[in-house]
Amino acid sequence: MHQCIAVGAISGRRPASKQPYKKSTGFDKIKACYEVDQSPIGKTSRSCPATYVKVFDHIRALFAQLPEARMRGFDASRFSFNTEGGRCPDCKGNGRIRLEMDFLPSTWVHCEECNGQRYNPATLEVNFRGKNIGQVLAMTIDEASAFFESQPRISHPLKLMADTGLGYLQLGQASPTLSGGEAQRIKLVSELIKGRGAKAQMTNRQFQIFNLYLIEEPTVGLHLEDVKRLIDILHRLVDEGHTVVVIEHHMAVAAEADWILDIGPEAGEDGGKIVAQGTPETVAKSKTSRTAPFLKTSLQTK
Ligand SMILES: [Zn+2]
């Protein structure tokens with residue numbers, strides 16, 4: 001428990017009918033198991049960082065409480081871009097309109113009706129600190145975490161995303177425009193945000209039940225600076241009491257693990273055996289592990 005485990009080079013094949021292990025214990029301690037992959041966030045293409053981490057619910061509630069909104073009888077749903085009522089009818093709250101063309105891929109054009117602001121004029125008349133709901137969705141996470149500083153339920157999750165290097169994304173940025181790595185990090189941060197509430201409810205710090213996160217090669221396509229931020233998120237999840245299993249070739253990540261299972265020695269049918277296991281320091285000293293010299297270098301530069 002409380003561990004970050006890196007599994008190296010999983011490549012072995014096993015017969016489908018045969019159980020690959022003799023026994024397994026400790027599963028009763030696992031509350032849930034999540035595979036955190038790089039697929040798009042949310043159920044639809046209308047999902048965005050603000051809706052995925054649920055910050056937008058709090059922003060809508062805040063707007064509904066403003067005197068201008070109460071006078072007009074606007075509730076929180078009025079400030080949704082997913083339902084009719086407050087959104088721009090022309091672009092259906094997208095701020096842009098999809099152009100379908102016969103011989104070319106479809107493309108998006110700016111919505112003239114709302115000027116890209118996603119809502120109808122009456123909704124846009126409600127302002128919080130001089131900004132309407134459309135302008136809020138156009139803010140970056142960095143800007144919004146400062147703008148909503150007086151509203152902890154909104155600013156804390158945003159700050160957490162900014163801390164992990166996602167501050168440049170817009171609150172309302174559509175899910176399909178996010179890279180796989182960005183989507184994966186938003187998912188990891190949303191787990192941290194959920195965890196905060198759960199941790200606050202705990203009366204003691206004995207984490208009896210925890211989540212198990214399975215993450216395959218999260219560093220693919222990331223710059224070194226972003227790898228460091230990713231490692232930071234993984235450490236935070238472990239600090240919350242969860243267990244993180246990472247399948248990874250990036251030695252900077254492996255060097256941060258509490259326990260490594262080095263699987264090899266080759267790829268495909270020539271692999272699948274545990275070559276070395278233990279703390280990074282132990283595996284780095286292994287004579288049989290091909291990963292050892294690389295791990296050793298990574299540990300020295302850590
Ligand atoms: Zn529009």
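**Zinc site and second largest pocket**

The donors of the zinc ion follow the spacing C-x2-C-x19-C-x2-C along the chain. In this predicted model, those protein donors are Cys88, Cys91, Cys111 and Cys114. A second topic here is the second largest pocket, which lies between domain 1 and domain 2 because both give residues to its lining.

**Zinc site**
- Each of Cys88, Cys91, Cys111 and Cys114 is a donor through its SG atom.
- The donors lie 2.2 to 2.3 Å from the zinc ion.
- The site is tetrahedral, with angles of 104 to 113° among the 4 donor atoms.
- For four tetrahedral donors, the ideal angle at a metal is 109.5 degrees.
- Cys88 and Cys111 link distant parts of the chain, 23 residues apart.
- Cys88 sits in the loop between helix 3 (67-72) and strand 3 (96-99).
- Cys111 sits in the loop between strand 4 (107-110) and helix 4 (121-124).
- Both Cys88 and Cys111 are buried.

**Second largest pocket: space and centre**
- The second largest pocket holds about 650 Å³ of space.
- Its lining counts 25 residues.
- Closest to the centre of this pocket are Thr51, Tyr52, Val53, Lys54 and Asp57.

**Second largest pocket: lining**
- Helix 1 (49-52), helix 2 (55-65), helix 7 (152-166) and helix 8 (180-201) each supply at least two lining residues.
- Helix 7 gives the largest share, 5 residues.
- By class, the lining has 8 nonpolar, 9 polar and 8 charged residues.
- Domain 1 covers 4-38 + 180-301, and domain 2 covers 49-175.

Technical notes. Residues numbered from 1 in each chain as written. Predicted model: local features only at pLDDT ≥ 70, side-chain atom pairs only at ≥ 80, totals over all residues. Heavy atoms only, no water. 1 Å grid on protein atoms, 1.4 Å probe; cavity = no way out; pocket = protein on both sides within 12 Å on 5 of 7 lines; lining within 4 Å. Points joined across faces, edges and corners; volume = space filled by probe spheres on them. Helix = DSSP H or I, 4+ residues; strand = E, 2+ residues; numbered from the N terminus. Nonpolar A, V, L, I, M, F, W, Y, C, P; charged D, E, K, R; others polar. Domains from an automatic or database assignment. Donors = N, O, S within 2.8 Å, 3.2 Å for Na, K, Ca; no water. Tetrahedral: all angles 85-135°; square planar, octahedral: opposite > 155°, others 65-115°. Buried < 20%, exposed > 50% of the residue type's maximum accessible area, 1.4 Å probe, protein only.
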